[in-house]
Amino acid sequence: MYVEGGGNSKSLKSYCRRGFSEFVAKAGLAGNMPSIVACGSRNDAFDDFKTALAIGSETALLLVDAEGPVSVPATAAKPWQHLNVRDNWNRPKNAADDQCHLMVQVMESWFLADTATLKDYFRQGFREGSLPQNPNVEEISKQDVERGLKQATRTSSKGEYSKGGHSFEILADLDPAEIRTRSQYADRFLSTLERLCQT
């Protein structure tokens with residue numbers, strides 16, 4: 001599983017792997033875990049995914065931020081269309097539709113689907129009312145997600161939200177069942193993992 005995240009830092013990539021590993025394990029895949037590769041940038045994730053396909057890894061998966069609204073519904077199972085329009089990425093010839101997955105619109109969108117975990121993580125001074133209130137977290141723009149998290153955490157005991165300092169710890173704490181109910185693309189991603197890892 002080739003995921004966007006971790007930047008260029010070895011330690012952050014380690015935190016990224018751990019965060020995704022714990023999230024996936026809690027989704028019911030403990031004991032049948034995929035290998036997780038933290039690739040840094042989304043372009044690096046795509047390049048690493050294409051390399052894996054080229055050497056014959058037919059079960060490789062790509063997971064990147066959508067970075068914007070996705071017009072194609074998850075039920076259509078065509079996230080490659082979004083990446084082609086937004087990033088001019090062409091689906092590799094030997095890549096199936098279910099090998100490409102999106103965090104919509106960004107990974108932090110998942111955080112908004114589990115505010116109980118956010119409250120527990122940031123503790124005193126966390127202002128839940130500052131978060132965007134749209135129950136469909138996939139409709140909330142990247143800018144509004146980031147702005148809301150900063151406003152909600154500014155006076156918290158852990159300080160203002162920062163992508164490097166907090167993101168992967170929060171990811172590890174999230175309840176996958178909560179995320180699945182409010183993010184159709186997260187549900188699609190976890191359903192694909194269940195099918196591939198439990199067969």
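The legends below describe close-up views of a predicted model.

Local features were taken at pLDDT of at least 70 and side-chain atom pairs at pLDDT 80 or more, while totals for chains, interfaces and linings use all residues. Residues are numbered from 1 along each chain as its sequence is written, and side-chain values use heavy atoms, with hydrogens and water left out.

**View 1. The open parallel sheet.** Four strands pair in the parallel sense and form an open sheet in the order β2-β1-β3-β4. Helices (H or I, at least four residues) and strands (E, at least two) are DSSP runs, numbered from the N terminus; two strands pair if DSSP finds at least two bridges between them. The edges are taken by β2 (37-38) and β4 (100-103); each has a single partner strand, so one side of each lacks a neighbour in the sheet. Helix α9 (residues 184-197) packs on the sheet and touches β3 and β4. The direction of α9 makes about 140° with that of β4; axes are lines fitted to C-alpha atoms, for helices over the stretch in contact, and angles run from 0 to 180 degrees between N-to-C directions.

**View 2. L63 in strand β3.** L63 belongs to strand β3 (residues 62-65) and is buried, at a relative accessible area of 0%. Buried means under 20% relative accessible area, exposed over 50%, and partly exposed in between (1.4 Å probe, protein chains only). Strand β1 (residues 2-3) pairs with β3 in the parallel sense over two bridges, and V3 stands opposite L63. Apart from neighbours within four places in sequence, L63 contacts Y2, V3, E4, F20, H101, L102, M103 and F189, where contact means heavy atoms within 4.5 Å.

**View 3. Cysteines without disulfides.** The structure contains zero disulfides, a disulfide being a pair of cysteine sulfur atoms within 2.5 Å. For C39, the closest cysteine sulfur is that of C16, at 8.3 Å, which is too far for a bond. For C100, the closest is in C39, at 13 Å, again too far for a bond. C39 is buried with a relative accessible area of 4%, and C100 is buried at 0%.

View 4. The structure holds 15 salt bridges, each a side-chain nitrogen of Lys or Arg within 4 Å of a carboxyl oxygen of Asp or Glu. One of them joins K50 and D47, at 3.6 Å from N to O. These two residues are three residues apart in helix α2 (residues 42-54), a separation of about one helical turn. K50 is partly exposed at 34% relative accessibility, and D47 is partly exposed at 38%. In helix α6 (residues 142-153), D144 and R147 are likewise three residues apart, or about one helical turn, and their side chains meet in a salt bridge of 2.5 Å, N to O.

**View 5. A bridge from a loop to helix α6.** E160 forms a salt bridge with K150, with the closest N and O atoms 3.6 Å apart. E160 lies in the loop between α6 and α7 (163-173) and K150 in helix α6, so the pair ties together parts that are ten residues apart in sequence. E160 is partly exposed at 34% relative accessibility, as is K150 at 33%. Elsewhere, salt bridges that share partners join E4, R42, R86 and D87 into one network.

**View 6. Aromatic pairs.** Eight aromatic pairs are found in the whole structure. Rings of Phe, Tyr and Trp (its six-membered ring) pair if their centres lie within 6.5 Å; planes under 30 degrees apart count as stacked, over 60 as edge-to-face and the rest as tilted. W110 and F189 are stacked, because their ring centres are 6.4 Å apart and their planes lie at 25°. This pair links distant parts of the chain, W110 being in helix α4 (residues 107-112) and F189 in helix α9, 79 residues apart. W110 and F189 are both buried. F122 and F126 also form a stacked pair, with centres 6.0 Å apart and planes at 10°, and both are buried. F46, F49, W80 and W89 are linked by ring pairs into a cluster.
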